[in-house]
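Please look over the sequence and the structure shown here before reading on.

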Amino acid sequence: MSEPLLSVQGLEKHFPVTKGLFKRQVGAVRAVDGVSFDVFKGETIGLVGESGCGKTTTGRLITRLIEPTGGKVVFEGNDITHMSQSRIRPLRRDMQLIFQDPYSSLNPRHTVGAIVGAPFRIQGVKTEQGIKKEVQDILALVGLNPEHYNRYPHEFSGGQRQRIGIARTLALKPKLIIADEPVSALDVSIQAQVVNLLEDLQNELDLTYVVIAHDLSVVRHISDRVAVMYLGKIVELADRKSLYDAPMHPYTNALLSAVPIPDVKHRGDRERIRLQGDVPSPLNPPPACRFHTRCWKAQVVCKTEEPPLVELAPGHQVACHFPENADKISAPAAAKVARNVQDAQHPKGTIA
Amino acid sequence: MTAPLDAPGKAAEAEPEAVVAGVSGKAIQGRSLGQIAWLRLKRDKVALAGAGVVVFLILVATFAPLIVGWFGHPPNEFHQEMIDPSTMTPKGGSGISGEFLFGVEPLNGRDLFSRVVYGARISLLIAFLATVLSVVIGTVMGVMAGYFGGWVDTVISRLMDIFLAFPLLVFAIALVGVLGQFEQQLGVQGDTLRILLLIFVIGFFNWPYIGRIIRGQTLSLREREFVDAARSLGARGPYILFREILPNLIAPILVYATLLIPTNVLFEAALSFLGVGIQAPTATWGGMLAQAVKFYTVPHFMFFPGMAIFITVLAFNLFGDGLRDALDPKSSR
């Protein structure tokens with residue numbers, strides 16, 4: 001494939017934990033700890049994981065709402081990791097963020113017209129027929145009545161508010177949209193509407209999405225590729241079909257097994273994997289494979305050696321010593337995995 | 001989500017999701033937050049009564065010379081003919097008549113009505129301007145502390161603590177007394193000097209009350225996602241402060257300013273009562289009360305200025321409470 005639109009390489013964010021009068025640093029919350037992925041033009045990549053795994057932080061790092069501690073963010077060939085806010089300003093037109101809470105993301109004192117028109121004013125973009133006409137076109141595009149231009153956010157329902165937020169995002173015709181839990185604050189019926197709207201807009205405007213969500217069904221519906229995060233790291237990254245049909249990382253498997261099955265008759269078909277214990281604190285994450293404290297397949301090697309994120313099947317990256325669905329693994333990787341399994345059964349030093 | 005109003009508002013809320021252009025037939029009137037607050041305020045009869053009295057007081061203070069011209073005598077004009085020379089008290093106890101609506105003062109027989117009316121001018125002028133001063137300093141400091149955080153917040157917050165711990169009354173008495181001596185150096189004198197001094201002292205030391213509220217509000221507003229949205233669009237600090245945060249602070253500023261005015265009326269009265277405020281013969285409510293203490297046999301002398309202070313404070317407080325309920329219905333009940 002061609003040059004990626006967005007390339008994230010080893011991205012890190014450590015929030016310092018300070019103590020005492022002189023703000024001595026006593027530790028760091030490793031919210032995002034080495035995340036790498038590429039986003040190509042026109043695709044939708046889903047970022048899933050439990051609460052606190054660093055999904056939202058990743059989104060905010062990419063849009064530079066917070067400063068990365070390490071790693072690199074490359075957008076359209078520009079390294080924006082530590083670019084100054086004044087230099088990054090023009091690039092912000094092409095990269096926009098949809099927010100999670102439609103009640104908090106719209107200023108209650110601004111009219112819809114002011115909210116959706118703000119990108120033009122902030123970026124100093126001149127429009128042919130004036131901002132008002134432009135804003136009304138966008139409102140119509142997201143399925144809102146353009147006559148609601150002079151209304152205030154409190155006059156709209158949650159779903160309508162989220163549409164206003166999406167309209168603001170679309171105002172400057174961005175190339176990349178990072179949607180941070182775009183539907184998790186909405187009713188299920190409204191969720192479908194907004195998800196479909198996002199898909200329609202993608203087809204119409206040739207958009208690229210990074211969708212951050214914890215709802216696996218939403219991600220399945222909207223994504224082309226899915227990245228699963230656990231404690232600040234990506235543990236599995238694959239195209240939608242192979243990830244949902246044949247997950248290789250035990251964590252992904254456990255997550256998928258937790259998705260409710262609507263059909264009562266088929267509930268017995270699948271085994272529910274119950275993970276033991278809580279997610280460890282990112283303040284002091286477990287060494288090597290971070291999932292080993294809760295993994296039923298964990299061996300000694302999982303506690304001593306961190307599994308790299310490697311491509312085990314075409315387009316299917318997994319960070320695990322003992323991946324599931326081994327039959328899908330391509331030949332060279334299979335040999336490595338087999339060796340791991342053998343080592344685990346006969347740990348070094350114990351063989352006579 | 002807002003308090004239930006009449007029919008059009010409900011229709012707007014019940015509107016189905018995603019109205020496509022042209023589908024909705026009848027026009028639905030949108031309402032701004034200001035209009036909603038006004039509708040709520042209109043239903044609060046107590047607050048409306050307070051507002052009515054406030055407006056009345058402002059009119060009285062503004063048109064004091066006219067009112068006194070119609071119903072009274074100049075405030076500093078002596079009417080010895082109204083005084084009983086043997087007791088130095090007004091003839092007939094109070095001297096209340098069609099000519100002297102509130103009676104006359106003991107000793108010199110000045111028209112009490114005129115003096116109460118003129119007293120409203122001083123009281124309201126000082127209370128208003130001192131409040132403006134407090135609000136300006138408090139808002140600037142509060143917004144800075146809340147928005148920038150870090151050491152700025154630490155410095156400003158400690159400053160507020162120091163101001164709040166200050167023995168204000170004692171200091172005000174000393175300051176007004178001392179600065180009152182420097183008429184030449186300050187370039188102003190007499191009542192003007194005293195009024196400016198009182199505005200400064202009262203206003204300057206009251207800002208931390210507003211400042212703390214604004215700081216708290218700013219802290220919570222700063223974390224709202226619409227601020228992040230503006231930042232992700234590339235907005236600079238001033239845009240976020242003035243366009244995103246400040247409009248959300250207007251309601252608390254308005255409410256606490258309204259509630260600060262009566263406090264300032266009382267404080268001015270207290271200073272005048274203690275003799276460090278406006279000097280005689282200029283009429284002030286506090287000054288009149290101080291005089292009245294010496295003439296407890298003529299209760300009307302204490303009653304009218306006292307009632308004026310009481311009504312003013314009560315009206316502003318009722319109005320302020322109503323305004324708070326109207327602008328921020330979540331804060332109470």
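## Burial and the make-up of chain B

A residue counts as buried if 20 or more other C-beta atoms lie within 10 Å of its own, as exposed if there are 12 or fewer, and as partly exposed in between. By that rule, in this predicted model, buried residues make up 41% of the 333 residues in chain B.

Chain B is built from 13 helices and has zero strands. When contacts in chain B are taken between residues at least 6 apart in sequence, 72% of them join residues at least 24 apart.

## A bent helix in chain B

Helix 11 of chain B covers residues 237-273, and whereas a straight helix of 37 residues would span 54 Å at 1.5 Å a residue, this helix spans only 47 Å between its end C-alpha atoms. Along its course, helix 11 of chain B bends by about 50° at B:Leu246, and a proline, B:Pro247, follows within four residues. Just after helix 11 of chain B comes B:Gly275, which takes a positive phi of about 90°.

## Where the two chains touch

The contact between the chains draws 27 residues from chain B and 35 residues from chain A. On the side of chain B that touches chain A, helix 10 (225-232) and helix 11 each supply at least two residues, and helix 10 of chain B gives the most, with seven residues. Sorted by class, the residues on this side of chain B divide into 14 nonpolar, seven polar and six charged.

## The two domains of chain A

Chain A is divided into domain 1, made of 41-67 + 83-234, and domain 2, which runs over 247-345. Taken over C-alpha atoms, the centres of domain 1 of chain A and domain 2 of chain A are separated by 32 Å. Their contact takes ten residues from domain 1 of chain A and 13 residues from domain 2 of chain A.

On the side of domain 1 of chain A that touches domain 2 of chain A, at least two residues are supplied by each of helix 7 (216-222), strand 9 (225-230) and strand 10 (233-239) of chain A. This side of domain 1 of chain A has five nonpolar, three polar and two charged residues.

## The largest nonpolar core

The largest nonpolar core has 164 residues, and those with the most contacts inside it include A:Val116, A:Ala167 and A:Ile234. Helix 5 (residues 112-148) of chain B gives the most to this core, with 16 residues. Domain 1 and domain 2 of chain A both give residues to this core, so the core lies between them.

Which residues are in contact with A:Val116, leaving aside its neighbours within four places in sequence? They are A:Val135, A:Ile138, A:Leu139, A:Ile164, A:Ala167, A:Arg168 and A:Ala171.

## Two glutamates with positive phi

A:Glu76 is found in the loop between strand 4 (70-75) and strand 5 (78-79) of chain A, and its phi is near 50°, a positive value in a residue other than glycine. A:Glu181 is found in the loop between strand 7 (176-180) and helix 6 (188-205) of chain A, and A:Glu181 has a positive phi of about 45° although it is not a glycine.

Is each of these residues buried or partly exposed? A:Glu76 has 16 other C-beta atoms within 10 Å, so A:Glu76 is partly exposed. A:Glu181 has 20 other C-beta atoms within 10 Å, and A:Glu181 is therefore buried.

How values were computed
Residues are numbered from 1 along each chain as its sequence is written. Chains are lettered from A and ligands numbered from 1 in the order in which they are written. This is a predicted model: local features need pLDDT of at least 70, side-chain atom pairs count only at pLDDT 80 or more; totals for chains, interfaces and linings use all residues. Domain bounds come from an automatic or database domain assignment. Two residues are in contact if their C-beta atoms, placed from the backbone, lie within 7 Å. Ala, Val, Leu, Ile, Met, Phe, Trp, Tyr, Cys and Pro count as nonpolar, Asp, Glu, Lys and Arg as charged, and the others, Gly among them, as polar. The expected span of a helix is 1.5 Å times one less than its number of residues. The bend at a residue is the angle between axes fitted to the seven residues ending there and the seven starting there. A nonpolar core is a set of buried Ala, Val, Leu, Ile, Met, Phe, Trp, Tyr and Cys residues joined through C-beta atoms within 7 Å.
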